[in-house]
Structures are given as C-alpha cells and as structure tokens.
Amino acid sequence: MNVPYKEFKTGARMPSIGLGTFGSDKYTADQIAEAVIGAAEVGYRHFDCAEVYGNERQVGESLETILRSGIDRRDLWVTSKLWNNHHGEDDVIPACERSLRDLRLDYLDLYLIHWPFPNYHAPKVDVSSRDPDARPFIHENYMKTWRQLEILVERGLVRHIGTSNMTVPKLRGVLLEAEIVPAANEMELHPHFQQPELFDFVLANGIVPIGYSPLGSPSRPERDRTPDDSTDVEDPVILRIAESHQITPAAVCIAWAVQRGQVPIPFSVKRSQYEASFNAAVNARLTPAEMTVISGIDRNCRLIKGQVFLWEGAAGWESLWDEPQQGM
Ligand SMILES: NC(=O)c1ccc[n+]([C@@H]2O[C@H](COP(=O)([O-])OP(=O)(O)OC[C@H]3O[C@@H](n4cnc5c(N)ncnc54)[C@H](OP(=O)(O)O)[C@@H]3O)[C@@H](O)[C@H]2O)c1
C-alpha cells in the first residue's frame with residue numbers, strides 16, 4: 001500500500017498516519033487492543049502508546065499477535081511515552097523498560113517525554129485537582145531527564161527520542177544542549193488549532209510534528225471541555241470540502257494533516273472509522289486552494305489545556321504554554 005512516510009536521519013521510516021491508543025476513559029483496554037489488531041489488518045503500521053493510557057499490556061498482546069501474523073518488526077512503528085511522575089534521573093530507564101515489557105518489544109521506535117512538567121495525579125481526577133509536588137518546567141531538570149532518554153538510545157532500547165506538549169522557547173533550550181536532538185515533537189494539531197509558529201519551528205529544525213487530537217477529539221472526557229471550545233468537524237469549510245470530495249469531515253481533517261506535513265494519530269475503536277481515516281491519509285488529495293482555505297479557519301482553539309498539571313501558585317493553564325493569561 002502506498003502509505004506516505006517520514007524518513008529520519010537513521011533511515012527509519014515513520015508511517016504518516018498512526019493509531020492513537022488513549023481511550024478517553026470511554027473505551028476499555030481490551031477494546032483498544034482489539035482495534036490495534038483491526039487497524040493492522042486495514043494497513044496501519046504506526047501505533048501511538050503511552051504508559052499513562054493504562055493499556056500497554058493489552059496493546060502488547062496485540063502487537064505480538066501482529067508480529068506473529070508475519071508482519072516484520074522493522075515495518076512497525078511503535079511510540080511510547082514517559083509519564084510525568086518518572087522524570088527523576090533514576091526513574092526514566094526503569095519506566096521505559098516497563099513499557100517495553102508490557103508492549104512485548106525489544107526496542108521502541110520512539111520514546112517521548114509526555115509532558116515537560118513533573119507531577120503526579122491519580123487517573124480521572126477533576127481539572128481543579130492540584131498535586132502539591134507539581135513543578136513548572138525547569139530547563140536544567142528537563143535536560144537531566146533528556147540525558148536519560150539519550151542513554152536509552154545508546155543502549156539500543158529506543159531508536160529515536162522526542163518531546164511532547166512543548167513550546168518554541170522550551171524547544172530552543174533543548175536544541176542548544178541536547179547531544180541527541182529530538183526526532184519528533186507530539187503536539188495538538190487540528191484545523192481549529194494549527195499552532196503555525198511551533199509547527200514551522202519544528203519543521204525548520206528537522207523535527208517531525210506528530211499531531212494529536214487530529215479530529216478535534218470529539219470524545220474527550222468532560223474534564224477536557226470548556227464552553228469556548230469549537231468543533232472542527234462541524235466547521236462549514238470542512239463540511240463543504242467533505243461534500244465536494246464525497247468523504248467525511250473527519251477524512252478531510254486527516255487528509256489536510258498529512259498534506260500539511262504532520263503525522264496525525266487519530267484514535268478509534270470502530271473499524272469503519274479507523275479504516276476511513278487510513279484511506280484518507282493514503283488516497284485523499286485536497287487542492288492547493290482547499291489547503292489554503294483550511295489554513296484560514298485556525299481559531300487558536302486549544303482543547304487539551306493541561307490544567308491538572310499546574311503547580312501551586314501558577315496563574316492559569318496558559319502558563320503551561322508560555323502564553324499570557326487570557327483576558328489579561
Ligand atoms: N501527547 C499527548 O499529550 C497526547 C494528548 C492527547 C492525545 N494523544 C494521542 O492522540 C490520539 C488521538 O487523540 P484524541 O483521541 O484526543 O482525538 P481524535 O483522534 O481527534 O478523536 C478521536 C475520536 O474521534 C472519533 N473518530 C475517530 N475516527 C473517526 C472517523 N474516521 N470519523 C468520525 N469520527 C471519528 C471517535 O469518536 P467516538 O469514539 O465517539 O466515535 C474517536 O473516539 C490519542 O489516542 C493519543 O494516542 C496524545
């Protein structure tokens with residue numbers, strides 16, 4: 001199948017669409033593990049995992065099934081992520097080894113620092129919950145964590161390392177000091193949240209942008225919703241383009257993402273959905289005029305604000321993103 005891909009300096013190729021595996025508290029680990037097998041059947045070779053999704057053990061069983069079915073390990077791309085309570089220098093390597101064990105793999109294709117803020121909170125807590133030990137981003141500490149990721153590469157446990165939920169100023173500092181520079185940066189990206197400055201910055205620095213919530217995360221938990229949020233798949237521009245191509249609005253979002261140059265990682269446990277997204281990534285072609293008109297519907301509408309990661313005394317969620325607080 002003619003799946004577009006991103007090529008790294010190592011020669012490795014990341015398929016330009018991956019399956020997300022965070023069930024938004026709505027789907028069970030077993031449902032997601034089943035979707036991983038189904039997705040491989042329709043052509044997916046890229047899976048976006050994380051310890052905090054609480055399903056790496058079940059997803060690992062599916063990956064083993066996929067590999068046993070004859071798919072070569074070298075044709076799979078598996079990402080996992082270091083959770084916020086394992087940033088300590090002694091915690092990184094054991095956390096990665098745990099993910100490898102759960103995923104039943106000898107190596108990961110990509111390991112990301114999930115968020116640049118050390119903290120701990122129990123699963124499913126309300127956005128008003130605060131960890132008294134939560135800390136802001138501190139460059140020196142982040143680089144100590146990063147160094148441990150570099151050791152994972154040196155030991156062959158991980159092929160590429162990267163960042164997630166970063167900003168231009170934070171990434172600038174990392175690029176100055178890293179021995180192994182980030183291969184990828186995972187960031188929220190959908191038509192109503194295009195992050196043009198960060199997107200251009202990562203491309204200019206040879207970092208692959210992986211776009212999460214590419215459909216605008218319509219099933220995200222209540223705690224991640226605010227009254228100002230807008231819905232990408234209901235935007236009249238997206239609806240009009242969908243109509244003219246006879247595809248769904250979701251397929252337009254995926255086609256736009258791949259053509260723009262990011263790697264979307266839509267989540268679904270429904271075969272009709274993940275198959276449609278895969279087909280859109282491989283087949284749908286938007287015209288230059290359609291790409292231009294979609295670039296004009298950006299609303300700077302961040303959906304995953306990260307409130308729960310705030311430290312005591314922080315002003316508002318904007319502080320996580322190095323932005324002035326709204327309304328100030
Ligand atoms: N690095 C990070 O911090 C971070 C943060 C968030 C997410 N992620 C990753 O990104 C992945 C995707 O993000 P997300 O789940 O927030 O958002 P998303 O992919 O934009 O939305 C997923 C939801 O969209 C619907 N959907 C999926 N495919 C569809 C299709 N073809 N047509 C119509 N509707 C479709 C489904 O809703 P229904 O189930 O209701 O049908 C599905 O649950 C996650 O699973 C995770 O791997 C990473």
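Modeller: Helices here are DSSP runs of H or I, at least four residues long, and strands are runs of E, at least two, both numbered from the N terminus. This is a predicted model: local features need pLDDT of at least 70, side-chain atom pairs count only at pLDDT 80 or more, and totals for chains, interfaces and linings use all residues. Residues are numbered from 1 along each chain as its sequence is written.

Biologist: How many residues does helix α3 have, and how far does α3 reach?

Modeller: The expected span of a helix is 1.5 Å times one less than its number of residues. Helix α3 covers residues 92-103, twelve residues. From first C-alpha to last, α3 reaches 17 Å, close to the expected 16 Å.

Biologist: Which residues of α3 are buried?

Modeller: Count the other C-beta atoms, placed from the backbone, within 10 Å of a residue's own: 20 or more is buried, 12 or fewer exposed, in between partly exposed. In α3, Val92, Ala95, Cys96, Ser99, Leu100 and Leu103 are buried. They lie on the same side of α3, because they cover an arc of only 140 degrees around the axis (the arc of the directions from the helix axis to the C-beta atoms). The face turned away from that buried side carries exposed Pro94 and Arg101.

Biologist: What do the buried residues of α3 pack against?

Modeller: They pack against α2 (56-68), β5 (77-82), β6 (110-113) and α4 (139-154). Contact means C-beta atoms, placed from the backbone, within 7 Å. Val92, Ile93 and Cys96 of α3 meet Thr145, Gln148, Leu149, Ile151 and Leu152 of α4.

Biologist: At what angle do α3 and α4 pack?

Modeller: Two packed helices are described by the angle between their axes and the distance between the axes. For α3 and α4, the angle is about 50 degrees and the axes are 9 Å apart. That makes α3 oblique to α4 (under 35 degrees is roughly parallel, over 145 roughly antiparallel, 65 to 115 roughly perpendicular, the rest oblique).

Biologist: Buried or exposed: what is Ser217, and what is Asp322?

Modeller: Ser217 counts as buried, because it has 23 C-beta neighbours inside 10 Å. Asp322 has 12 inside 10 Å, so Asp322 counts as exposed.

How values were computed. Contact = placed C-beta atoms within 7 Å. Axes fitted to C-alpha atoms, helices over the stretch in contact; angles between N-to-C directions.
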